[in-house]
Amino acid sequence: MTQPDAIRANALADIAACESSNALEEQRVALLGKKGAITEALKTLGSADPETRKTLGAALNLLKQELSEAIDSKKSQIAMLELNERLANEKVDVTLPSRPSTRGSIHPVSQVIEEITAIFADMGFAVAEGPDIESDEYNFDKLNIPESHPARQMHDTFYLQGNGDGKTLLRTHTSPVQIRTMQGGKPPFRFIAPGSTYRCDSDLTHTPMFHQVEGFVIDKGIHMGHLKGCLIEFLKAFFELSEVPVRFRPSFFPFTEPSAEVDIGCSRSKDELKIGAGSDWLEVLGCGMVHPNVLKNCGLDPDEWQGFAFGMGVERLAMLKYGIPDLRTFFDSDSRWLSHYGFDALNIPSLVGGL
Ligand code: DAH
């Protein structure tokens, strides 16, 4: 028997005997791999006489082709068998009744975003969106936060590889939607922009991903009175109180001037926090009059157009309204937590139905 015939006789039998793709792969390596039988036989050709080299070389190459075809066809056969086996094992009886104990519910973050949206929709605000992956230009520069500005450090930004120029990031706030909306349309504007935001921060009161709702109004003759009226109305509706003490405390944001933080009155006794009355204050959001530089950066003339903006943290508002004590539990995906704090999917928040 010639050398190729001897290899063929064993090889075809070994391939046929394989029962799994792993075993077949072992056979392929043993025959055609770098140190496989065929490869080793081909290596001996160098020292053979010219006539043998020619005939044996041709025969080995033919055999190589024959074996790789045999391996390929066995491969599809095994793949089919393995698929059938998996399908049989993973069979799901779709006619089984659902288990009441695993009924889903609406996450408090989704619920609160819906509530905020319903309140502002009633005041004539549209809903805008922007991408989670932003450029540093939209997240910072155009919002009047230049490269050297200390606010950039405060934001603990997650930078992405992007083009390798360090200019792509996960947005640290929803404020870049202000820029995108102004650049994409003509004033007047009145919208809110809910969405995910990201900061490289993780402790008891911070998670690397959280949610904000941005609010933005641009029109002619807009002043701080409009801002105050709008936010006071919002807070009353959101906390479902007919009166709520609200305090606008001077603050600083690079994209607003003047800027304020908004506190609501509350009382804290031992374990209980009561919103709407008492001698304590609780910070709930940031706001201000849109900075003339931001308007100019988007091609608007600040002498003609004015506006206000605000930004609020969704988890924070959810914790205050629904008495959820620990921020980190929001993202544990614990179904017991969700069935306790979650909302009925059919209970869609609306002002008429009560939030
Ligand atoms: N972007 C701010 C932050 O994430 C929140 C904010 C404050 C947004 C004031 C605003 C604003 O639009 O006017 O900390």
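In the predicted model, helix α2 (residues 21-32) and helix α4 (residues 50-89) have axes that come within 10 Å and cross at roughly 170 degrees. Axes are lines fitted to C-alpha atoms, for helices over the stretch in contact, and angles run from 0 to 180 degrees between N-to-C directions. Helices (H or I, at least four residues) and strands (E, at least two) are DSSP runs, numbered from the N terminus. The helices α2 and α4 are therefore roughly antiparallel, given that angles under 35 degrees count as roughly parallel, over 145 as roughly antiparallel, 65 to 115 as roughly perpendicular and the rest as oblique. On the α2 side, Ser-21, Leu-24, Arg-28, Leu-31 and Leu-32 meet residues of α4 that include Lys-64, Leu-67, Ser-68 and Ile-71. Contact denotes heavy atoms within 4.5 Å. By class, this contact of α2 with α4 comprises six nonpolar, two polar and five charged residues, where Ala, Val, Leu, Ile, Met, Phe, Trp, Tyr, Cys and Pro count as nonpolar, Asp, Glu, Lys and Arg as charged, and the others, Gly among them, as polar.

Residues are numbered from 1 along each chain as its sequence is written. In this predicted model, local features need pLDDT of at least 70 and side-chain atom pairs count only at pLDDT 80 or more, while totals for chains, interfaces and linings use all residues; side-chain values use heavy atoms, with hydrogens and water left out.

Val-109, Val-112, Ile-113, Glu-115 and Ile-116 in α5 meet Val-314, Glu-315, Leu-317, Ala-318, Lys-321 and Tyr-322 in α11. The residues of this contact divide into eight nonpolar, no polar and three charged.

Across the whole structure, 13 aromatic pairs are found; rings of Phe, Tyr and Trp (its six-membered ring) pair if their centres lie within 6.5 Å, and planes under 30 degrees apart count as stacked, over 60 as edge-to-face and the rest as tilted. Phe-125 and Phe-310 form a tilted pair, with 6.4 Å between centres and 55 degrees between the planes. This pair links distant parts of the chain, with Phe-125 in the loop between α5 and β1 (126-127) and Phe-310 in strand β10 (residues 306-313), 185 residues apart. Phe-125 is buried at a relative accessible area of 8%, and Phe-310 is buried at 2%; buried means under 20% relative accessible area, exposed over 50%, and partly exposed in between (1.4 Å probe, protein chains only). Phe-238 and Phe-239 form an edge-to-face pair, 4.9 Å centre to centre and with 85 degrees between the planes.

One aromatic cluster is formed by Phe-120, Phe-125, Phe-234, Phe-238, Phe-239, Phe-308 and Phe-310. Its member Phe-234 is found in helix α9 (residues 224-238) and is buried at 0% relative accessibility. Leaving aside neighbours within four places in sequence, Phe-234 is in contact with Ile-116, Ile-119, Phe-120, Met-123, Leu-285, Met-312 and Leu-317. The C-alpha atoms of Phe-234 and Met-123 are separated by 9.1 Å, although these residues are 111 residues apart along the chain. Lys-321 lies over the face of Phe-238, at 4.6 Å from the ring centre; a charge sits over a ring if NZ of Lys or CZ of Arg is within 6 Å of the ring centre and within 35 degrees of the ring normal.
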